[in-house]
Structure formats: structure tokens, C-alpha cells
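Open the model in your viewer and keep the selection tool ready. The tour moves from one residue out to the whole chain.

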Amino acid sequence: MPKLKRWLYAIAIAIFSTLLVAYAYDIEKEIPIEPSSTQAGRQDILITVADALGLTGSILVALVATGIGLYYAIRQHFTR
């Protein structure tokens, strides 16, 4: 079960990374972002971070975070 948990964390990180880049792209192109009906707090945090980092910064953070998540998932998968 711990191996599956690591992979689920890696997938969650990849999803949030994708959202971060999508929000940064929308902010850069001045496309209005509609508020979420659920998880509005998380959406606000991601929008704030995307606005602060810009598109390039968001892409870099997304790549690093997803890479680290996958690295630990793969490492735990083969060591245990």
C-alpha cells in the first residue's frame, strides 16, 4: 500500500502542476478565470502563485515539482 500512496502523491503533484501552468497561461493572455464551485480556496492559492511566478516560473516550478514527485515514487517502488 505505501507504494501506491507514493504514486498517488506523484499524480496529485502532476495535476496541481498542470493547473498552475494553465492558470499562469490564462493570466498572461488575460483570459478570465471562472471561480470554482468546489475547492475555491485551493483555486485562489494556485491563481495567486501563478500570478506571482508568471508563465515561465510556473512551468519551471511544475517541472521541478513533478520531477521530484516521480523520482521519489520510482525510488520507493524499487527499494521496498
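**Stop one: S17**

Select S17: setting aside neighbours within four places in sequence, S17 is in contact with A62, A65 and T66 (contact means heavy atoms within 4.5 Å). This is a predicted model, where local features need pLDDT of at least 70, side-chain atom pairs count only at pLDDT 80 or more, and totals for chains, interfaces and linings use all residues. Residues are numbered from 1 along each chain as its sequence is written, and side-chain values use heavy atoms, with hydrogens and water left out.

Is S17 buried or exposed? S17 counts as buried because its relative accessibility is 9% (buried is under 20% relative accessible area, exposed over 50%, partly exposed in between, with a 1.4 Å probe and protein chains only).

**Stop two: the helices**

Now select residues 2-28. This is helix α1, and S17 sits in it.

**Stop three: the whole chain**

Zoom out. The chain has 2 helices and 0 strands (DSSP runs: at least four residues of H or I for helices, at least two of E for strands). Its C-alpha atoms fill a box of roughly 45 × 30 × 15 Å along the principal axes. Of the 80 residues, 19% count as buried.
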